[in-house]
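Student: I would like to go through this model with you. Could we begin with the core and then turn to the backbone?

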Amino acid sequence: MKAPWLAALTISAASTVSAQELIIGAGVSDFSAAGAESGAVFEVEYHTAPMWTRGDLDMGLGAVLSVHQAGDVFVGGGAFAEYNFQNNWFAQASFMPGAYFEDSPANDLGQTLEFRTQVGVGYRFDNGTKLSLAFAHTSNASLGNTNPGMNTWTLRWHKQF
C-alpha cells in the first residue's frame, strides 16, 4: 500500500517539470543600413526541455527560423535562459548564431554567419500557454567587412508539449 504523502509528492514533482516549447512569433524588423527593406517578420522557434535548472532559472538549447517580408531568412541555434518570476511572469534571453540569407542586396548584413541575441518578457496562462514580447538584434559582431545589423520586435505565442 502506497503512502498518501508519496502520491502527493509524485504529483507535485510532475507538475513542476518544464517541457519542450514551440514558439510562434510575428513582428517587424528594422535594418540599420540605408535603403534596406525593413518590414514584417514571421518566426518559429523551438526550445528543448531545460537542461539545467537552478531555483527559478532554466537553461536549455533552442533553434529558430525567421522569415522576413523581403524574402530574407535566418536559421540558427544556440542557448536560451528563462527566469520565472512570481504571479506567472517570466523573462527570456537567448543567443543563437546562425546563417542569414538575404533575398535583396539592400538587406545584406555583411556575411552569412550572423548572431541573434534576444531578450523578452511574458506571461504564463493557467493552461500552460504563454505570451511574450521580445526584442532581438542580429549582427555579425564586426566579423564581416560591414556590420549594419537588424533589430526585430516580435509578439510570441508559446506552447509547451
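Student: Which residues make up the largest nonpolar core?

Tutor: This is a predicted model. Its largest nonpolar core has 8 residues, namely Phe31, Ala36, Val64, Phe74, Met96, Tyr100, Leu109 and Met150.

Student: Take Phe31, then. What is Phe31 in contact with, leaving aside its neighbours within four places in sequence?

Tutor: Phe31 is in contact with Ala36, Glu37, Ser38, Asp72, Tyr100, Asn107, Leu109, Gly149 and Met150. Among these, Ala36, Tyr100, Leu109 and Met150 also belong to the largest nonpolar core.

Student: Changing topic: where is Phe115 found?

Tutor: Phe115 is found in strand S7, which covers residues 113–124.

Student: And which residues does Phe115 touch, not counting those up to four places away in sequence?

Tutor: Phe115 touches Phe95, Met96, Pro97, His137, Thr138, Ser139, Asn140, Ala141 and Leu143. Phe115 and Thr138 are 23 residues apart along the chain, and their C-alpha atoms are separated by 5.4 Å.

Student: Now the backbone. What is the phi of Asn87, and where is Asn87 found?

Tutor: Asn87 has a positive phi of about 60 degrees, although it is not a glycine. Asn87 is found in the loop between strand S5 (73–84) and strand S6 (89–101).

Student: What about the phi of Asn88?

Tutor: Asn88, also not a glycine, has a positive phi of about 70 degrees. Asn88 lies in the loop between S5 and S6.

Student: Why does Asn87 count as exposed?

Tutor: Asn87 counts as exposed because its relative accessibility is 63%, and the cut-off for exposed is over 50%. Asn88, at 27%, counts as partly exposed.

Definitions and conventions. Residues numbered from 1 in each chain as written. Predicted model: local features only at pLDDT ≥ 70, side-chain atom pairs only at ≥ 80, totals over all residues. Heavy atoms only, no water. Helix = DSSP H or I, 4+ residues; strand = E, 2+ residues; numbered from the N terminus. Buried < 20%, exposed > 50% of the residue type's maximum accessible area, 1.4 Å probe, protein only. Core = buried A, V, L, I, M, F, W, Y, C linked by side-chain atoms within 4.5 Å. Contact = heavy atoms within 4.5 Å.
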